[in-house]
Amino acid sequence: MIKYDVANIPIVDLANKIIVAAVKLGASDIHFDPIEDGIKIRMRVDGNLRDHTIIPKEFERNLVTRIKLISMMNITENRLPQDGAIKGRIDDMDLDMRVSVLPTNEGEKVVIRILDYSRSLRGITSLGFSRKNYKKLMKMMAIPNGIILVTGATGSGKSTTTYCMLQELNKEDTNIITVEDPIEMNIEGVNQVQVNSEIGLTFASVLRSILRQDPNIILIGEIRDSETAQIAVRASITGHLVLSTIHTNNSLSTIERLLDMDVERYLLSSALSGIISQKLARTLCPHCRKLRNTTPFEKQVFKEMIGKDVVEVYEPGKCDQCMNGYHGRIAVHEVLVINEDLRDAINNPNLKKEDLRELVYDNNNVITMLQDGLEKVLDGFTTFEEIYKMIEIEDALDNQVNLILQLARQQEQDDEKEEIKNKKETISNE
């Protein structure tokens with residue numbers, strides 16, 4: 001951990017030094033955790049929290065007050081949670097950050113989210129889509145109406161993906177309006193609306209007004225409730241392309257979540273264009289990664305999930321250009337384009353979950369996140385351990401086996417029916 005000479009550094013400079021250190025490390029978040037002896041500062045780098053320093057108790061109050069001050073928060077309020085933002089120039093760096101303060105039993109915990117728009121500005125090709133998934137995404141975005149959903153957990157890069165899509169769609173002849181809470185990135189040529197529920201400016205109320213603004217494309221920051229989901233779906237079937245995010249793990253659970261939100265089946269089946277599910281895996285450092293032999297379990301997974309015999313994969317090394325063999329993160333995707341069979345299935349209230357799963361994951365409709373992740377392991381972008389950590393491989397293997405068994409049983413039933421039919425034809429001919 002780093003030690004700061006806090007007794008001789010002005011509190012303004014101390015706060016700036018901590019923020020600058022986080023930016024230089026490539027951290028996504030800075031955590032100020034109050035403890036008995038002071039305040040522990042941790043930084044989230046490549047998805048993992050790392051201890052940075054501990055500030056003594058006598059400087060804790062001043063440091064938290066300084067952060068609240070530059071975040072435009074009420075510095076006299078320490079009993080309620082507060083949210084703020086820092087936009088400005090620190091140490092010749094233009095920074096945009098979101099700040100959250102939460103009262104705890106040891107004091108106020110502060111988390112600063114550092115927003116990095118560099119990848120959003122580089123476009124869709126920088127997001128790590130495989131060739132097949134990229135073609136599917138372009139196909140979805142070419143449809144002039146419908147709803148495209150980007151799904152994943154908090155911090156999985158959903159906003160980056162949606163902003164990249166907006167950059168691609170932002171043309172001279174299109175009217176794009178966004179509804180966000182908060183607006184995370186200002187885009188030239190796009191009309192962006194900040195939600196303010198305290199005065200009644202909610203997602204639902206703004207959406208109703210947007211439809212009278214002659215939009216071609218609408219971005220909804222997040223679908224959080226039934227009302228927003230229903231209005232978004234209705235907007236998409238009236239000739240608008242709607243982009244939004246939702247907290248689900250994969251394509252199948254996204255469809256189920258929307259149905260649970262009381263979106264009418266006939267509307268959802270006609271409105272939904274596609275679903276992009278994603279998670280983030282740490283990227284191997286290209287300077288120190290090294291090959292190793294695969295284990296029997298890894299060989300089984302590669303063979304059953306992507307049909308390849310793999311004898312070697314990369315593992316992390318160690319060098320002065322990375323942290324424990326990793327540098328940065330890459331997205332692992334699952335991209336589903338809704339076809340006519342899936343539309344009919346969504347519209348069928350009697351369809352079982354197992355049958356819907358078979359339609360989604362059979363007939364090469366979708367490359368699962370596990371399959372996409374394993375391909376990225378083969379290409380040397382990440383490790384098998386990273387994919388194993390974020391995706392339930394055993395469940396995926398069980399589902400694959402169950403699907404194979406279901407198809408085999410279906411084939412047996414079809415063969416039996418064909419045999420009975422042939423017998424009947426033979427008897428009738430005799």
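Visitor: Leaving aside neighbours within four places in sequence, which residues is V360 in contact with?

Guide: V360 touches S251, L252, L336, L342, N365 and V366, where contact means heavy atoms within 4.5 Å. A word on the source: this is a predicted model, in which local features need pLDDT of at least 70, side-chain atom pairs count only at pLDDT 80 or more, and totals for chains, interfaces and linings use all residues. Residues are numbered from 1 along each chain as its sequence is written, and side-chain values use heavy atoms, with hydrogens and water left out.

Visitor: Why are α1 and α2 called roughly perpendicular?

Guide: Helix α1 (residues 11-25) and helix α2 (residues 57-70) pack at about 70°, with axes 9 Å apart. Axes are lines fitted to C-alpha atoms over the stretch in contact, and angles run from 0 to 180 degrees between N-to-C directions. Angles under 35 degrees count as roughly parallel, over 145 as roughly antiparallel, 65 to 115 as roughly perpendicular and the rest as oblique. α1 and α2 are therefore roughly perpendicular.

Visitor: Which residues make that contact?

Guide: I11, V12, L14, A15 and I18 of α1 and F59, N62, L63 and R66 of α2.

Visitor: What makes α10 oblique to α13?

Guide: Helix α10 (residues 296-306) and helix α13 (residues 369-378) pack at about 125°, with axes 10 Å apart. That angle makes α10 oblique to α13.

Visitor: Which residues of α10 and α13 meet?

Guide: V301, F302, M305 and I306 in α10 meet L370, Q371, L374, E375, V377 and L378 in α13.

Notes. Helix = DSSP H or I, 4+ residues; strand = E, 2+ residues; numbered from the N terminus.
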